[in-house]
Amino acid sequence: FSGAGKTTLVEETARPYLMSNGGYFLHVKCDVYHHRGGALSAIFSALDAFCKNIIDSDKNKKKKLESLKIVLEEAIGTEGMVVLFHLLPSLRRIMGEHEGNGARRQSNDVDVIWSWLHEENRFNYIFRLLMGTITGPQKPIILFLDELQVADKTSLDLIRSFILESGDKSMIIVVSYSENEVYCNHLFSTFLHELRMNHKPPTEIKVDSLKRTDINKILSAAISPPTCSVIEPLADAIYCKTGGSAILVVQFIKALWDDGLLWFSFHQRCWQWDMDAIGSRSIFNDAAFHIA
């Protein structure tokens, strides 16, 4: 479910370890409302920012990216380079401009771009070239495709092909999705089925909402009541108001503190709360959906 903590789980477990060991972490938020070109547009947007950071901070990687220019030109031609520069403006800074008025006009057409990428598996080819230049045994990368269930069919087809055909051991691809948004005939259901039928099916981790007992343990660790039973009414109230959604639980507890309904009594030297006021608070906007 949305708000269960999928993104936080990946960000807090994978990113610190990878970054501390010299690797890269590329987080792609697949938000169709902000990316007109769908999930692929989100990938290229994140990849462009990623390349920009490397260009600014790693001269050796910049030289390697420069060396890709001839290889890419031979593989995809002038028209292809114009489209690629439209997708990855950072590369234009080190590879220079390409002339081609017809191609330049087409490069702003989203349908033309994705159609061009789909032909002859160009997306996989370009992506592998770029990743192969940037990563390696000493510089592994995690590509995190967040909320991929919102992706369009073209994007899912290309991403599935890349995942199944990729033999790059320097890259781990992590996908998150909200199960409640995926029904039996959903495009993402087909995507998942084909991944699961592969000879190397993906490892899957289900991130559920918090249970009452989970919230009780969290509060007990934070508040340290004399006994766990003392805090059970508060844990029950928080669960009822949030449905166990991790993000809503955190927001609700913070709201109780901000509103003075949860406080530390220096006189009593313990945490206290106003159960009557907490019970009368309105339910969070998304909680009703999570409870249903």
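This report looks at a pocket and a cavity in a predicted model.

## Ground rules

Residues are numbered from 1 along each chain as its sequence is written. Because the model is predicted, local features need pLDDT of at least 70 and side-chain atom pairs count only at pLDDT 80 or more, while totals for chains, interfaces and linings use all residues, and side-chain values use heavy atoms, without hydrogens or water.

## The second largest pocket

Let's start with the open space. A pocket is an open set of points on a 1 Å grid over the protein atoms alone, with protein on both sides within 12 Å along at least five of seven lines; lining residues have an atom within 4 Å of a point. The second largest pocket holds about 160 Å³, a volume being the space filled by probe spheres set on the points, which are joined across faces, edges and corners.

Its lining includes S2, G3, K29, E147 and A246. Two helices (DSSP runs of H or I, at least four residues, numbered from the N terminus), α1 (6–20) and α12 (246–258), each give two or more residues, and α1 gives the most, with three.

A cavity is a set of grid points where a 1.4 Å probe fits but cannot get out. The whole structure has one cavity of 30 Å³ or more, and the largest cavity holds about 50 Å³.

I43, F123, F127, L143, L145, I159, F162, I163 and I173 line this cavity. The largest share, three residues, comes from α8.
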